[in-house]
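Hi everyone, thanks for coming.

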Amino acid sequence: MTKIKICGLMGLLTLASCNQDIDISEAERAQTSTQVLDTSADRGVLSDVLRVKLTPNVATRLEKQLAASEGGLRSLGGELGGLLEHIGALKMERVFPHAGELEERQRAAGLHLWYDISFDDQKAAPYQALAEAMKRAKAFAGIQVAEEVRVLQTPSTAYKLVEPSQGLRAESASGFDDPELPKQWHYHNVGQTMRSKAGADINLFEAWKSETGKPNVTVAIVDGGIDFLHEDLKDNMFINQKEMDGEIGVDDDKNGMVDDVYGYNFVTESGDITPHEHGTHVAGTVAARSNNGVGVAGVAGGNGTEGSGARLLSCQMFHTDEEGRTVSSASAGARAIVYGANMGAVISQNSWGYRNAPNQAQPLSQSDQEAIDYFIKYAGCDKDGNQRADSPMKGGVVIFAAGNDGRDYLSFPAAYGQVVSVSSMAPDFTAAYYTNRGEWVKVMAPGGSFLYSKGEVLSTLPNHAYGYMQGTSMACPHVSGIAALIVSKYGGPGFTNEELKQRLTTAVRADDINEFNPKFVKRLGAGYVDAALALAPRGENEAPEGVAKLSAEATHTGVQLSWNVASDANDGTAYAYNLYYSEVKIDAKSYKEALKVEVMGARKLGQKIQYLHQGLRPSSTYYYAVEAVDRWGAVAKSVALATVTTMQNIAPILKLDDDSSIRLTGAETLTRKILVTEPDGQKWAYEVEGEDYDVKHKRNEAGEIELTFRVSRPKGKYAIVVSVTDELGLKSTIEIPFEFYKNHAPQLAKPLGRIYASVGQTAEIDLSEYFHDQDKTDKLAYSVRALNPDMATAKISGSKLEIKAQALGLAGFEIASQDALGLTVKTGLSVECVTSDLVHMVYPTLVQDFLNIRVADGVRRVYVAVLTPAGAPVMAEKTFDLDKGAKISLDLRLLSAGTYTLLVESKDKKFMQSFIKR
């Protein structure tokens with residue numbers, strides 16, 4: 001592996017001035033490339049390393065200059081040298097080391113173009129130097145890709161040791177004699193642990209009846225190192241015989257690695273595999289030696305006969321250092337995956353991922369993606385890409401643990417669509433509390449949970465020990481082991497990774513994963529992986545029976561479809577269903593022209609498959625067809641049809657609680673409520689459009705929109721529009737005008753003048769006829785104050801003024817009119833208290849010459865007579881035609897002295913009063 005070392009900050013352009021050797025020792029290389037995984041990396045990336053993919057021309061020129069120069073890179077200049085100098089590069093190394101005899105294949109895949117550039121990041125704020133280096137690298141034409149280097153997230157290695165069982169105990173259901181096998185509920189669960197459920201396993205005992213694993217199948221364990229001397233693993237370890245028999249310190253098999261007997265340690269850059277708890281535990285689940293009377297059994301660990309069982313290749317990407325810390329190299333994951341393919345493994349087992357920044361998942365590194373793609377394409381192949389004669393499969397399958405964050409998000413690399421991602425099950429079919437979820441997950445397998453008594457996964461640990469661990473890290477190797485069983489049984493010339501992947505991802509048991517985990521529907525994978533079903537023969541592959549009846553029930557924007565599980569002669573029931581839908585009528589001949597969606601669900605006869613088709617338009621007709629499909633793609637001969645019309649959607653109905661005008665002035669406020677009726681019972685939301693800073697609004701507990709208006713602008717007329725939208729987007733609006741005005745005091749519309757009131761009687765006046773509010777407020781308030789209440793009193797009811805005369809004479813009142821904001825106008829009122837409403841006054845009552853009679857306003861004609869006390873007239877009756885306010889004077893000078901009665905009559909009234917003539 002070639003590395004570039006740059007002196008100080010001068011970079012490659014001044015390399016000639018350095019006296020240091022450009023080559024880096026193996027110890028230095030290991031020291032500078034490792035990272036402690038439990039340090040604080042808040043962004044989940046290394047701050048002092050930049051990964052780049054060079055263009056082929058720049059990579060070729062770089063290699064030629066290195067090969068031709070006696071001083072290594074001391075003569076290197078040009079744009080690349082300038083870039084390295086500018087970012088303060090300290091070291092540059094290939095991500096994927098030279099692969100010896102397979103180097104040309106790696107070069108064909110472009111892996112030789114990837115380099116890591118290390119630089120000093122201590123002279124700037126955290127990640128500032130990295131950001132600047134990224135910017136410079138992306139601007140350089142000789143670099144195709146520049147990316148951050150992800151910090152690898154290895155799981156914690158907490159485990160619980162188990163005391164070894166005494167003696168050999170054969171498990172009756174399997175016939176194998178591994179003493180700890182009864183504790184491995186994850187293989188065969190009969191409810192042997194508290195709260196576990198029978199069947200919550202991988203159905204392994206049934207699978208072992210047809211296959212237990214063959215030695216020509218190698219599984220690359222990309223993880224911590226495997227304890228290759230473990231009593232239960234040593235017989236199933238991959239052994240590089242040329243290195244085993246070769247010379248120490250020599251690359252005997254010409255693969256670019258030295259002394260890689262059981263695999264390679266990409267942390268120490270050596271063939272020394274250092275046992276690690278996590279890697280050893282994972283390896284034991286895949287292929288611990290089975291039926292050997294020792295410890296536990298592995299999924300593909302063989303049947304106890306010599307040479308049986310799949311082989312385990314240790315591709316060590318992390319280990320425990322002298323201080324007990326777990327450390328990893330920056331590119332260990334990608335390099336280890338590629339190494340597995342180069343060593344003949346056809347299955348890559350990966351129980352690791354990225355350390356993610358808080359609330360932010362790291363995207364897939366392109367270098368990691370290319371490593372995964374390399375394994376998928378070239379595993380099991382020769383240097384030309386053809387299946388090797390000794391390989392059971394062409395191409396490889398990469399399997400990843402989904403991760404243990406307990407979140408719904410894209411957890412890379414597991415979320416990469418080309419890998420088989422595995423979520424984790426507890427011992428009762430439910431999702432383990434820690435498992436990641438998402439539609440990208442392919443299948444679920446037992447990963448265990450400490451929340452259940454002995455509910456974790458039991459496997460091997462270093463130093464011939466055994467113990468429990470939990471995690472998607474433990475679920476993943478179950479699937480890798482099943483993959484090894486499939487290749488062991490069906491592998492051979494012409495068998496491909498696509499066939500393996502199809503068998504692996506469709507081999508799910510009939511128990512409905514969504515029914516057991518309703519909170520995570522379609523986010524835990526297709527179902528619970530079933531080892532026996534994965535090995536089931538295809539037979540003649542008869543198509544499943546057709547769906548008998550398709551039921552459809554419509555809502556406003558969706559249709560709930562359901563049908564019974566269809567039977568299948570090969571696998572018991574259909575694997576999936578093709579659901580077709582269209583707004584154009586379809587029938588049994590034309591349905592395949594419609595849009596299609598694959599539906600999965602229940603797998604037991606008598607159960608129902610349900611699918612909610614959403615996002616439809618109301619009041620629209622939709623046509624459906626459904627056909628059953630088996631796991632091999634065979635389609636039923638018959639199809640079920642259904643037609644349904646979605647429900648009509650009615651817009652919300654809006655009404656104001658008060659239709660009166662909204663007019664405000666000053667600091668007053670006014671409230672209106674919009675009453676909302678949703679005919680379809682849907683939820684609704686509202687928004688206020690227009691200049692609404694005059695209006696505070698909220699939805700109150702009664703489900704009304706409450707609007708509070710307050711003056712905040714100059715006088716004028718304004719309006720807002722309130723829109724209410726239902727769940728389906730149907731909207732209703734209501735426009736609400738309002739006015740701000742300057743308030744004025746009420747005005748006197750006309751003078752009150754003088755009024756007359758008969759003593760003992762009540763006179764009434766409507767004050768609204770005399771006062772006016774130019775601001776047009778709804779009501780004026782009135783008050784009255786009597787100036788001489790001994791003459792007359794008054795009271796107000798609404799706008800009605802009632803005056804009661806107490807004694808003859810002139811009374812005075814103060815009348816006030818006030819608007820809603822307190823502005824007031826006052827005026828006076830004179831009230832003459834009179835005798836009657838026909839004759840206001842007769843005077844003098846002791847007459848000498850003339851008797852004066854003042855008649856009420858409005859009376860135009862009266863008849864006047866003078867009578868004796870006996871009622872006899874003493875003078876002729878006279879008729880008087882009067883003007884308003886006229887006074888009549890009777891000449892009584894000829895009348896004899898005495899007491900008389902004055903009689904005054906109008907058309908409908910009569911007045912009589914005694915007087916004395918002197």
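Okay, one term before anything else: two strands pair if DSSP finds at least two bridges between them. Strands here are DSSP runs of E, at least two residues long, helices are runs of H or I with at least four, and both are numbered from the N terminus. Keep in mind that this is a predicted model, where local features need pLDDT of at least 70, side-chain atom pairs count only at pLDDT 80 or more, and totals for chains, interfaces and linings use all residues. Residues are numbered from 1 along each chain as its sequence is written, and side-chain values use heavy atoms, with hydrogens and water left out.

So, strand β49, residues 861-867. Its pairing with β50 (residues 878-881) is antiparallel, over four bridges, and there V862 has F880 as its bridge partner. β49 also pairs with β52, residues 898-905, again antiparallel, through five bridges; V866 sits opposite L902 in that strand. And β49 is mostly covered, with five of its seven residues buried, meaning under 20% relative accessible area with a 1.4 Å probe, protein chains only.

Now the helices. α11 (residues 472-490) packs with α12 (residues 497-506) at about 130 degrees, axes 10 Å apart. Axes are lines fitted to C-alpha atoms over the stretch in contact, and angles run from 0 to 180 degrees between N-to-C directions.

Who touches whom? From α11 we get V479, I482, A483, I486, V487 and Y490, meeting L500, R503 and L504 of α12, where contact means heavy atoms within 4.5 Å.

Methods
Buried < 20%, exposed > 50% of the residue type's maximum accessible area, 1.4 Å probe, protein only.
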